[in-house]
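Let's look at it together, one region at a time.

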Amino acid sequence: MPLPWFKRSGLFFVPTTLIGWLLLMAALAYAVYTFIQINNENHSVSDTLMNFVFSLLIIGAVYSLIAFISIRASKTK
Amino acid sequence: MEQMNFENTLLNMSKPQIEELKHQDMLEHTIIKARDTSLLSWWWLSIPLYVIAAFCMKSFFMPGATLSTSIHEFSNKQHYLSILLFIIVPIAFILLNALSILKIYSIFGGVSRLKVIEETWFNLLMIVLSLLILITYLI
């Protein structure tokens with residue numbers, strides 16, 4: 001598996017390899033799944049959005065942690 | 001003929017030149033690492049900042065609700081999560097960013113403080129935000 005899977009671009013880690021893109025797709029798919037689940041549980045738009053943003057931030061934080069570790073691992077090699 | 005060639009070779013020879021200094025390369029790597037650290041900090045700190053912003057809005061729109069009561073209510077309901085978001089995450093990122101800044105400062109050799117601030121302003125911002133989160137939670 002060629003490292004690094006991501007490169008930093010502004011406020012985001014952009015995938016550069018297939019594994020990176022797969023991870024991004026998985027994160028986006030999970031975000032959509034979370035949105036649908038939250039939307040089914042809540043009855044107002046504001047409730048859905050407030051809870052979804054919180055989940056989205058957690059998904060983004062975990063994604064950035066994976067990207068950060070992969071970049072660090074490639075530099076220590 | 002051979003002697004002439006040798007003389008020409010000597011004339012063409014100059015001092016060995018190093019285009020990039022090792023130190024410069026090291027500095028560049030350290031700055032890139034510091035920027036990666038600041039970006040990671042931004043994503044993780046955005047979670048408690050979002051919670052604080054939501055509580056601020058709640059205190060603004062709901063009569064009787066204040067930021068500190070909302071945070072206490074949250075910490076009673078989600079004890080471990082609140083400790084993770086409001087204490088562990090900010091302290092960890094204060095340490096990480098401070099280490100990055102110190103590393104850059106030591107490589108710069110303490111020559112130009114303005115240049116260090118210019119290169120690490122986002123790390124400094126992350127430290128300030130972490131302190132803000134800690135103070136908001138602990139008060």
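A:Arg72 counts as partly exposed because 16 C-beta neighbours fall inside 10 Å; on this scale a residue is buried with 20 or more other C-beta atoms within 10 Å of its own, exposed with 12 or fewer, and partly exposed in between, the C-beta atoms being placed from the backbone. A:Arg72 sits in helix α2 of chain A, where helices (H or I, at least four residues) and strands (E, at least two) are DSSP runs numbered from the N terminus. This is a predicted model, in which local features need pLDDT of at least 70 and side-chain atom pairs count only at pLDDT 80 or more, while totals for chains, interfaces and linings use all residues. Residues are numbered from 1 along each chain as its sequence is written, and chains are lettered from A and ligands numbered from 1 in the order in which they are written.

B:Cys56 is found in helix α2 of chain B and is partly exposed, with 14 other C-beta atoms within 10 Å. B:Thr136 belongs to helix α6 of chain B and is also partly exposed, given its 19 C-beta neighbours inside 10 Å. Each of these residues has a partner elsewhere along its chain, as tabulated here.

| Residue pair | Separation along the chain | C-alpha distance |
|---|---|---|
| A:Arg72 and A:Leu3 | 69 residues | 9.4 Å |
| B:Cys56 and B:Ser70 | 14 residues | 8.8 Å |
| B:Thr136 and B:Leu67 | 69 residues | 8.6 Å |

Now to the helix pairs. In chain A, the axes of α1 (residues 18-41) and α2 come within 10 Å and cross at roughly 160°; axes are lines fitted to C-alpha atoms, for helices over the stretch in contact, and angles run from 0 to 180 degrees between N-to-C directions. Contact here means C-beta atoms, placed from the backbone, within 7 Å. Among the residues that make it are A:Tyr30 and A:Phe35 of α1(A) and A:Phe52 and A:Tyr63 of α2(A). By class, this contact has 11 nonpolar, five polar and no charged residues, with Ala, Val, Leu, Ile, Met, Phe, Trp, Tyr, Cys and Pro counted as nonpolar, Asp, Glu, Lys and Arg as charged, and the others, Gly among them, as polar.

In chain B, the axes of α4(B) and α6(B) cross at roughly 155° and come within 9 Å, so α4(B) is roughly antiparallel to α6(B). The residues in contact include B:Phe86 and B:Phe93 of α4(B) and B:Met126 and B:Tyr137 of α6(B). They divide into 14 nonpolar, four polar and no charged.

Where do the chains come together? The contact takes 13 residues from chain A and 11 residues from chain B. On the chain B side, eight are nonpolar, one is polar and two are charged.

Of its 26 residues, A:Ala67, B:Trp44 and B:Leu45 touch the most other members. Two or more residues each come from α2 (45-76) of chain A and from α2 (22-61), α4 (79-108) and α6 (121-138) of chain B. α2(B) gives the most, with eight residues. Beyond its neighbours within four places in sequence, B:Leu45 is in contact with residues including B:Val89, B:Phe93, B:Leu129 and B:Ile133.

How values were computed. Core = buried A, V, L, I, M, F, W, Y, C linked by C-beta atoms within 7 Å. Contact = placed C-beta atoms within 7 Å. Parallel < 35°, antiparallel > 145°, perpendicular 65-115°, else oblique.
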